[in-house]
Amino acid sequence: MAASGSGIHYENDPDLADVFKSMAAAKLPITVLNIAKKYSVAERLTYILSNGKSSRSSVNSVSYWEFNYFIQNQRCRMIFTAVDGHIMNLDFKMPFQDDWSRCKPIELFEKNIEKIEVKGKLNIINNLKQEAEQCQCLIRWLDCDREGESIASDVSEVCLKVNPDLHVYRALFSLLSDREIKMAAKNLKKFNTSLSDVASMLREMDLCAGASFTKFQTLEVGNKFIFPSVDKDDHVLIYGSCLFPALGFVVERSKETRESWMVGCKYNVGNHMISFEVPPTMLKFDATYEDAFPVYTSCVTVSGTARAVTLERTETNDRPRP
């Protein structure tokens with residue numbers, strides 16, 4: 001089964017029912033930790049699966065929802081929470097994180113990379129570890145795309161470190177509807193390490209490409225621009241790999257830019273000078289020099305006195321011409 005439009009394929013777990021039956025046979029209290037990306041999603045999932053009957057608590061500013069639910073005909077204690085986005089970042093190992101003089105930009109593609117915990121998420125990570133220690137199953141209710149798979153990979157890694165025996169599953173859904181959510185809970189997919197490896201590889205590629213180009217751009221052209229910040233340490237031209245195509249469009253457009261000319265006149269009235277200008281958007285042709293010069297010539301060669309006939313104001317929502 002594949003998530004709609006994601007291009008990511010997940011496999012069924014033929015042992016799903018047996019796993020829950022074995023835990024029930026051993027008279028183990030089945031506790032399932034459920035992770036969503038956002039708290040609003042976790043709350044909605046809880047409402048659907050619990051039919052609006054759940055208890056909410058908060059530990060270290062992290063919200064939890066608890067209720068009882070049946071998975072594979074086995075009674076489970078469900079714990080729902082969220083991670084609010086990525087909980088792990090990728091960065092180069094020291095000393096290449098901060099000291100740019102250590103290597104050339106292109107050499108960053110060959111340097112070792114490590115995962116580090118997001119500083120602002122330490123309370124979420126610590127609570128995640130505590131809950132994982134007392135749970136038997138982990139269900140990841142995250143987006144079925146590359147970013148969602150990347151977050152799911154980080155969640156699994158954190159939880160499996162403290163509880164290697166944890167059974168990890170993936171819930172697939174594209175709508176927060178009763179039917180789809182309950183169907184996802186009934187048809188859990190098994191943890192696919194290959195998908196996690198792909199997500200990690202893409203993050204590493206983004207880091208290397210973005211960091212190397214940022215370093216190259218800052219060192220080569222950063223001192224040629226005036227930045228609003230007075231702190232020279234902030235003069236960093238950050239550029240991610242997702243912006244490369246946009247940069248290409250800007251460069252190509254700049255190569256196509258031509259000179260722009262306006263036709264106008266000035267008139268002295270005492271000590272004041274009045275300017276009359278016709279912007280390029282008012283002309284019926286491209287305001288190049290070849291186009292504008294004949295108009296200018298005709299204006300200066302026509303004799304007579306100019307007078308204002310009408311004065312009109314119009315508004316338009318047309319896009320400005322580049």
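Biologist: What does accessible surface mean here, before we look at the protein chain?

Modeller: Accessible areas come from the Shrake-Rupley method with a 1.4 Å probe. The model itself is predicted. For the protein chain, the accessible surface comes to about 21100 Å², and 53% of that belongs to carbon and sulfur atoms.

Biologist: How many of the residues count as buried, as a percentage?

Modeller: The protein chain has 322 residues, and 34% of them count as buried.

Biologist: Which residues make the nonpolar surface patch?

Modeller: Tyr267, Val269 and Ile274 make a nonpolar surface patch of about 270 Å².

Biologist: Where does Tyr267 lie? And why does Tyr267 count as exposed?

Modeller: Tyr267 belongs to strand β10, which covers residues 263-269. Tyr267 is exposed because its relative accessible area is 51%, and exposed means over 50%.

Biologist: Changing topic, where is Ile106, and is Ile106 buried or exposed?

Modeller: Ile106 sits in the loop between β5 (88-92) and β6 (113-117). With 60% relative accessibility, Ile106 counts as exposed.

Biologist: How far apart are Ile106 and Phe213 in sequence and in space?

Modeller: In sequence, Ile106 and Phe213 are 107 residues apart. In space, the distance from C-alpha to C-alpha is 8.4 Å.

Biologist: What about contacts in the protein chain as a whole: what percentage join residues at least 24 apart?

Modeller: Taking contacts between residues at least 6 apart in sequence, 67% join residues at least 24 apart.

Biologist: Lastly, how many helices and strands are there?

Modeller: The protein chain contains eight helices and eleven strands.

Conventions. Residues numbered from 1 in each chain as written. Predicted model: local features only at pLDDT ≥ 70, side-chain atom pairs only at ≥ 80, totals over all residues. Heavy atoms only, no water. Patch = residues over 30% accessible without salt bridge, like charges linked within 9 Å, V, L, I, M, F, W, Y side chains within 5 Å. Salt bridge = Lys/Arg side-chain N within 4 Å of Asp/Glu carboxyl O. Helix = DSSP H or I, 4+ residues; strand = E, 2+ residues; numbered from the N terminus. Buried < 20%, exposed > 50% of the residue type's maximum accessible area, 1.4 Å probe, protein only. Contact = heavy atoms within 4.5 Å.
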